[in-house]
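Hello,

Here is the structure for you to look through. My notes on its salt bridges follow below.

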Amino acid sequence: MASFFVLKTISKLLGKALVYLKEKESLAKKEFYSLPTNLKVSMQIFGGKTLLEIYKKENRLTFSNKNKEEFNEEIKIIFKNKKSASACLLGKFGVRESFCRHDILLSGNINTAIILVRLIEIAQKYLLPRVITKKFLPKTPKEFASIKLYWFVLFGSANKLQSKENNKNNNKIEVKKTKLQKKKETKEEINKNKEKTAEIEIIDAENAENVTEIEEKSQNEEVL
Amino acid sequence: MSNYFEFNGQVKVCCGENALANLAYELDFLNCKNPLLLSDEGLVACGTLDVFKKAVKPVKFKTEFTKIPADSSTLTINQIARLYRNNKCDGIVAVGGGSVIDTAKGVKLVLSQNCEDIITLSGNEIVKKGNNVAFIVVPTTCGTGSEVTAVAVIKDVKTKTKLEFISSELLPDCCFLDLKMTQNLPAKLLVSTAIDALTHSVEAYSSLQKNPISDVYALGAVKLIAGNLLDALDGDNVAKSNLLLASNMAGLAFSNSMVGIVHAIGHALGAVLNVPHGVAMMMLIVPCLRFNKDVNHVEYSNLLLYLTNEDTFAYTKPNERATTFIDKLEELITKVQEKTGIELKLTDYGATEKELDLICEKAMNDGASVTNNKILTREDVMEILKEIF
């Protein structure tokens, strides 16, 4: 059974892994974006000891394992004791089996919690070796090597990654915007040109009428 | 199956002929002198509530609420809790099907925890033991088994989502299984609720949370349903009583072992298309069992004995028993469907291809998907939905 300090450390690594995965792994990204906005989740051991607090704010995921007062989480995942927490987080049992063993209490909307279960399973797929996960996860292909995740979890910065990805996305959005703007501009130009040609045609038509009037007048004068 | 499990069977079951005649004694045992009667307008209209009141004489109910809607909602629960407090009631007697019983459970939870809004109590095993509130349930269908389950599903009116509550604090003190309450159930309702009970048993026996005690109840329920469903459809009262008992046993089984993919998708069909729960079970049980067959072949092989008989079991090769079980189940459902004319395609309930994505999403996020023995993916669910489309 791991000590509380070890469990806290593992939970923090899990939080960091979730940040990386929600940027880089397509399924995790989909699950993350299906979570309600401004969702606050805390993972605890029964008796009030906080392991991890997660906050989804718009497109960012922040995490902490300091017990913030007035966190006001919507979902609380509570392990009944340290043994249950160790068994689940270290992969002795999967999250689903931990639930079936009544190792986990849950306060809040169960439907939202299930999305979190899938996110944790995705994280475990990358963090834990296959020898451990084969007991509770089916074999599915990884989108990148686990070593990349380990590197990030140990040395990377969650804030930097999310800012970088946000900038990328903003650039993409800007590029899209400029492309759209260009399209709009060209459309507007075409419409303006059309209007101009229409005006010219009207002027030409008017001029043509004037010319015919003048010609008629001159003809009439000649006749006279 | 895990090497640790929990089983809670604390509800007293009073079952059999004239069971309701003992209600007065049970209320006295629970120190309840002013119970609140809960029911719905359907039961008032068809006379079942009058039959109940006659059967429980000399018990009289000074306070009644008989307008529980088809779906339990947080608004109704809070309203009933206020009625209970204002009339100084000291117990609840719920007479009805799943919605009435779930509503009554919600009311009991609010009262025992002394809170104003039930939403704060949603979750799994998060509620502590509270104040004592005498609570008796009389089911009027033979499918849900809600009279013995520690689960309630209640609609949050504000967010329009269904909230799940799992707690032993939801359990009644006592329930009454009296044929008088289900004798005149229409054939379609009898069949669909019986198949719901059968699904509870099969899923409880093959779920990730299965345990040896639940297994006994599940197998017993399968045997009772298989042996009595067709006779009950022909009007046999003993068979109808047995179905009521089977539903209770199935409820006890799945309350402790949970269910799986059939219920996960079935709940989603109910939420999106308003498909009646029992009918959804009839639609889904066969394709879902085929999906689970590779991980549950031992369980399905064992179930063949209880669904059929010793001869069929013995003469079927061991490696074919799981397939034969599913085939026999399909035959049973086809028989009852032909007798009752129940429609079993999604298009019969107004489904279009556009709704399949939403149904899939809801099924994936249903609590029952966690305890299915095989992990679901969206593709798996879509395949099953297209099969029954």
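Which side chains meet in a salt bridge at 2.8 Å, N to O? They are those of B:K12 and B:E26. A salt bridge here is a side-chain nitrogen of Lys or Arg within 4 Å of a carboxyl oxygen of Asp or Glu. B:K12 lies in strand β1 (residues 12–15) of chain B and B:E26 in helix α1 (residues 23–29), so the pair ties together parts 14 residues apart in sequence. Helices (H or I, at least four residues) and strands (E, at least two) are DSSP runs, numbered from the N terminus. B:E26 is buried, at 4% relative accessible area. B:K12 is partly exposed, at 39%. Buried means under 20% relative accessible area, exposed over 50%, and partly exposed in between (1.4 Å probe, protein chains only).

Before you go on, two points on the basis. This is a predicted model: local features need pLDDT of at least 70, side-chain atom pairs count only at pLDDT 80 or more, and totals for chains, interfaces and linings use all residues. Residues are numbered from 1 along each chain as its sequence is written, chains are lettered from A and ligands numbered from 1 in the order in which they are written, and side-chain values use heavy atoms, without hydrogens and water.

Over all chains, the count is 17 salt bridges. Another one joins B:R378 and B:E361, at 3.0 Å, N to O. B:R378 sits in helix α14 (residues 378–387) of chain B, and B:E361 in helix α13 (residues 353–364), 17 residues apart. B:R378 is buried at 14%; B:E361 is partly exposed at 28%. Shared partners join A:E31, A:R118, B:E361 and B:R378 into one network of salt bridges.

Best wishes
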